[in-house]
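Please look over the sequence and the structure before reading on.

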Amino acid sequence: MSTSVDARGLSCPQPMFLTRQALVEAGSGEVVVLVDGADQVDNCTRTAERLGWQATCEQKTGPEGRVFELTFRK
Amino acid sequence: MTKVSSFFARRSGIIVAGLVIGGLAATLQNADLFSGRSNPPNMGVCVACFTRDIAGSLGLHRASAVQYLRPEIPAFCLGAFIAALAFGEFRPRTGSSPIVRFILGMFAMIGALIFLGCPWRAMLRLAGGDWNAILGLVGLVAGIGLGVLLLRGGFSLGRAYPARAVAGLAMPVLMGVLLLLAIFYPVFGEAGQAALFRSAKGPGAMAAPIVVSILVGLVVGFLAQRTRFCTVGAFRDLLLMRDFHLFSGIVAFLVAAFALNLVYGQFKPGFTLGLDSDGKPIQQFAAHSTHWLNFAGMLLAGLSFTLAGGCPGRQVFLSGEGDGDAAVFVLGMLTGAAVSHNFNLVGASKFAPYVVVIGLVVVGAIGLAGREVFARKEAKVCQPV
């Protein structure tokens, strides 16, 4: 089962912190995080990789503008 | 572009940015390089002091020693704006409690001006041997620590939302106008009676050549936007998540500034610089040795910056990439500078202790009230789009 976190529009360090919380709680499996800034893509990916998760990023354009869908797997 | 982009995101990128920014800051202080013209000692770059000088040049306060339209701040914003445009990261957005950010900006500035410097200058002062900076940095870390406790408790100022282009362009355009004013420096009336004001003596009269200041500002803005360089984030991420990424950037900043200060002969260690002919201690430049106020001022600033999501430099850079909320924080800092000088709250003023207490109460209340908005159990969990 995958967990999702919507961190769009949040200031530092909330996207990283919420990602970290979700990854630690999940332990393994798949976690999907939505962010809207390239800086948060870097931050969340770094956080996940430090915890041993693999990251992939997909950029989407929705009605509310650009969104990055980060998928972390472990 | 992707390779360049990923270099900046790596540890090596933030370290290079820290070395360059710290080195440039120390260099701006070296009068020998620029025919006697330089930024003030241990103040090569100070977002708080320079914003305060800009407030003075515009006539928002009348402290005659600190009035100069410093070109570095608008150049920071425009450097970040250029970087954001070049890498497709310009993103107009707003709506995350702008008025609260304005108040945080005001109190962050009031606290920083009690210490007499922003976190960048705290490190430059340390790199120049001003040991009063140690008290300021301890206060800063304590303030960030309080902010981290609130963040752990679920503090948030809420979400920002995509906005019209004009909301993101407002600050870069405003900064562009300030940069033009800095270059041409018109006076709208009798000199000394109307803006733009310009100090004849004091820190406001000390400035590197404007071309150098603008170029350095653009380079710093560009690098900091790409690497997300942030002095408050450095300590925050370390305390919150044991993440050393941003911290390695400020260590590099400190090392570069210290090394160049030694090379330039700008390292003058001590809480004070000996005694004058009357036997009174000579203060370090733009500094005081009221230790508890150095601590308390930066405690207030550190907490305010942490709740707003980044150091004053970072707020300027974010405003350049379209963040309308960071822009409001910067305007709050400009207002806070005017309040500090108009109400005589600067340095070890007799009114400083009162405003520190008021500030901690107000910012502490914002921190406690903000927790419920984003308590962990309410964290919005949604399906991917």
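Predicted model: local features only at pLDDT ≥ 70, side-chain atom pairs only at ≥ 80, totals over all residues.

How many nonpolar, polar and charged residues does the lining of the largest cavity have? The lining has 5 nonpolar, 6 polar and 8 charged residues.

**Largest cavity**

- The model holds 5 cavities of 30 Å³ or more.
- The largest cavity contains about 240 Å³ of space.
- Its lining is made up of 19 residues, and those nearest the centre are Leu10(A), Ser11(A), Cys12(A), Arg93(B) and Asp323(B).
- Two helices each supply at least two residues of this lining: helix H2 (38–50) of chain A and helix H13 (312–320) of chain B.
- H13(B) gives the most to the lining of the largest cavity, namely 3 residues.

**Second largest cavity**

- The second largest cavity holds about 120 Å³ of space.
- It is lined by 17 residues, with Asn43(A), Arg46(A), Thr227(B), Arg228(B) and Leu246(B) closest to its centre.
- H2 of chain A supplies at least two lining residues here, as does each of these helices of chain B: H1 (2–9), H9 (210–227), H10 (231–241) and H11 (245–264).
- With 3 residues, H2(A) gives the most to the lining of the second largest cavity.
- By class, this lining has 6 nonpolar, 4 polar and 7 charged residues.

**Nonpolar cores**

- In soluble globular proteins, nonpolar side chains tend to be buried together.
- The largest nonpolar core in this model has 92 residues.
- Ile73(B), Phe76(B), Leu104(B), Trp120(B) and Phe229(B) have the most contacts inside that core.
- Leaving out residues up to four places away in sequence, Phe76(B) touches Val45(B), Val47(B), Trp120(B), Gly217(B), Val220(B), Gly221(B), Val316(B) and Phe317(B).
- Another core, of 16 residues, lies apart from the largest one and includes Val5(A), Leu18(A), Leu23(A) and Phe72(A).

**A buried asparagine**

- Asn261(B) sits in helix H11 of chain B.
- Why does Asn261(B) count as buried? Its relative accessibility is 1%, and buried means under 20%, so Asn261(B) falls in that class.
- Apart from neighbours within four places in sequence, Asn261(B) is in contact with Ala26(B), Gln29(B), Leu124(B), Ala127(B), Gly128(B), Gln266(B) and Phe267(B).
- One of these contacts, Ala127(B), is 134 residues from Asn261(B) in sequence, while the two C-alpha atoms are 7.2 Å apart in space.

Technical notes:
Residues numbered from 1 in each chain as written. Chains lettered and ligands numbered in written order. Heavy atoms only, no water. 1 Å grid on protein atoms, 1.4 Å probe; cavity = no way out; pocket = protein on both sides within 12 Å on 5 of 7 lines; lining within 4 Å. Points joined across faces, edges and corners; volume = space filled by probe spheres on them. Helix = DSSP H or I, 4+ residues; strand = E, 2+ residues; numbered from the N terminus. Nonpolar A, V, L, I, M, F, W, Y, C, P; charged D, E, K, R; others polar. Core = buried A, V, L, I, M, F, W, Y, C linked by side-chain atoms within 4.5 Å. Buried < 20%, exposed > 50% of the residue type's maximum accessible area, 1.4 Å probe, protein only. Contact = heavy atoms within 4.5 Å.
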